[in-house]
Every structure is written in structure tokens, then in C-alpha cells.
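Open the model in your viewer and keep the selection panel handy.

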Amino acid sequence: MNGKRKALIRTITAFACAIAVCFTAVPTYAEDTVESLEQKKNGLQDKLDALNNELGSLSSQITALAAKMEETDAAVKKAELDLAAARLNEEMQYDSMKKRIKYMYEGGNNSLLHVLLSSESMGDFLNKVEFVQNVTEYDRNMLVELQQIQEEIGEKEARLKSEQAALKKMQSQMEERQGALNAAIASTSGELQASAEALSAAKAAQEAAKKALEEQKKKEQQENADNTGGDSGDKKDEDSGSSPDNSQTTSTPVAADSSDIALLAAILQCEAGTSNYDALLAVATVIMNRVASGRYPNTLRGVIYQKGQFSPTWNGSLNRVLKRGPASLCYQVAQDALGGARLSSVSGCYQFRASWTGHSGIVVGGNVFF
């Protein structure tokens, strides 16, 4: 009987040591039961799932916000260029008005005073006065209209920049929240892993205790059985799993301000439309070739406004495009050309005509280049 008692004591002591060893690695959970550890593990898993879902939703929002910011940045740039185009148009209109006034008042024999005093009758005099007044009123109204357009574009630019700032602030807040979520996910994942390890250790200790008691029971049965008695018992194994050629060439960039970009974009739109990138770049290549050549003016404005060269500068179409603002593609091609982009097929051309003229050369879009 003493032998049985000693054997039971040894078994219990071994079981206690096994439990102590199992929980040494995770002292935080030493006092927890298997049931409480299960609940804690499930709670941490639910928390981790919720954090991952929130992070996924936030990542989608950040992606959408980035697209919105890109769109707003492009709109702000276009508003800046449109404002430069409107200012350029006002400058041209103001210069034209000054020339008309100078002509009327300083025209020698055809001066305003001579015109008025040479009237053949009072009716003729009044008609000439009315004509002068109409011209003056037209200039004044045109300048007022151009100033209003500038104000509207300026207000639009201000609104877009305000929206741009708000989007950047929102992006910063989202990225900060994203960082906090990543930190929370890392922390929760660590807690979940520790909880799972503690639960596994608790289950192993529980199973070890169960097996120790079963073994002790078997030994007692063997000692009390006849010499002919057999051993019987069950053995339970645990398995553990683990889850585990209209190519382009480049040239030297040309320094340019917003007015230069707007002017180049407007003349490109007049000469090549708004939808064919290669056709626009071909015209831009000819213009930039002239700027670089000693046979033409050495400035962008000088080349575009050179007498008898580009008809939109004198038939009113350039002013109309500048007034409403060139298309986005025209702005893009203008910026690319000033940055050095050239259409290789017309890189040696300095002239172009409409393709319907039948002139020999390289046809790109609606123009023939030579």
C-alpha cells in the first residue's frame, strides 16, 4: 500500500512540474483556465478581424482619395494656365485698343478733331461722334468682360486650391489612421499569438494530467488483478497542424512661363485641333525648330506672331481660343514640346500647310510638313 501511495505522489509531482514548465513561457496567462483562454483568444481574433476590415476599407478610401487629388491637381494646373491665357488675351485686347485710340487722336490729317470738324452737316457730325463713342464703348465693354473672365477663373483656381488643401489634410489624417491601425493590428496579432500559445500549453497540461491519472488508475488495477489479468487501456495521440513610326525624339528644354505655355497651346489648337497628340506635336516641333533656328525669331512669341506666318494670329481664332482657354491635350503637348519632346518624322521641318493643298511632304493629322 505504501508503494501505491509513493507512486501516486510521484505522478502528481510530475504532473505539477509539467504544468509549471508549460506556463513558464507565458506567465501572463498562468492563472487562466482553458475556457477563459478560449474566450480571450476568440475575442482577440474578432478584434483583429475588425481591425483588418477597417484597414481594408481605409486603404480603399486612400486609393480613391489619391485619384481625386490627382484630378484636382490637374484641374488646378489647368486653371492656372487658363488664367494666364485670359491675361494674355486681355493684354492683346488692350494693345489693340491703344492702337485704335492712337490712330483716332494722332492720325495727322485723319485725326479725330479733323474728322469731326470736316463733317458736311450736323447729321454727319453726330454720326461720326456716335461712331467714336461706339468704338470706345466696345473697347470698354470688352475689357470689362475680359476682367470678369479673369475673376471667374481666379475664383475657380482659389476654390480648387482650397479643395486641394482639404484633400491633402484628409490624406494626412487617413495615413495617420492607417499607421495607427497597422500598429494596433501588430499589437493584437502579438497578443493573439501569445494567447494561442498559452491556450495550447493549457490544453497540453490538461491532457497530460488526464493521462497521468489514467496511467495511475491502470497501475492500481494491475496491482489488484490476478496474475492472469491483462492490461487494457487507451492511447490517445494529439496531432498538431500549422497554417502556415511616330516616335519621339528629345531636344533641349526651353524655359517658359505660364503665358508661353498658354500661347503655344492656343496656336496648336488653332492649327491641329484638340484630339490628335501626334498632329499637335508635329506643329509644336515646327514652331520649336523655328525658335532654335537663326533664320527665325529666337523667342516663342516672336515665332508665333511673325508677320504673315500663322493666320490665327490675325483672323481672330487665336484670340477666341485664348478667351475660353485651350483644351487639356493642347496644354499637355505644349508642355511636352517646351520640355524637349519632338516628333521624329518632322524633326527637320520648318513649314507646314493644310494637307488638302496637295503640297508634297510628310502628312501628320490634317497637315503636310516639309
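## First stop: three rings

Select Phe-310, Phe-352 and Phe-369: ring pairs link these residues into a cluster. Rings of Phe, Tyr and Trp (its six-membered ring) count as a pair if their centres lie within 6.5 Å, with planes under 30 degrees apart called stacked, over 60 edge-to-face and the rest tilted.

Before going on, note that this is a predicted model, in which local features need pLDDT of at least 70 and side-chain atom pairs count only at pLDDT 80 or more, while totals for chains, interfaces and linings use all residues. Residues are numbered from 1 along each chain as its sequence is written, and side-chain values use heavy atoms, leaving out hydrogens and water.

Searching the whole structure gives three aromatic pairs. Zoom in on Phe-310 and Phe-352, a tilted pair with 6.2 Å from centre to centre and 45° between the planes. Phe-310 sits in the loop between α7 and α8 (312-315) and Phe-352 in strand β3, so the pair ties together parts 42 residues apart in sequence. Phe-352 also forms a tilted pair with Phe-369, at 5.4 Å centre to centre and 35° between the planes. That pair links strand β3 to strand β5, 17 residues apart. Are Phe-310 and Phe-352 buried or exposed? Both are buried (under 20% relative accessible area with a 1.4 Å probe, protein chains only; exposed is over 50%, partly exposed in between), and Phe-369 is buried too.

## Next: the sheet

The three strands form an open antiparallel sheet in the order β3-β5-β4; strands pair if DSSP finds at least two bridges between them. β3 (352-354) and β4 (362-364) are at the edges with a single partner strand each, so one side of each has no neighbour in the sheet. Between β3 and β5 (residues 367-369) there are three bridges, and Arg-353 has Val-368 as its bridge partner in β5.

## Last stop: the core

Select Leu-264, Leu-268, Leu-281, Ile-287, Leu-300 and Phe-369, which touch the most other members of the 46-residue largest nonpolar core. Such a core is a set of buried Ala, Val, Leu, Ile, Met, Phe, Trp, Tyr and Cys residues joined through side-chain atoms within 4.5 Å. Elements giving two or more residues to this core include α5 (258-272) and α6 (277-292), and α6 supplies the largest share, 11 residues.

Methods: Helix = DSSP H or I, 4+ residues; strand = E, 2+ residues; numbered from the N terminus.
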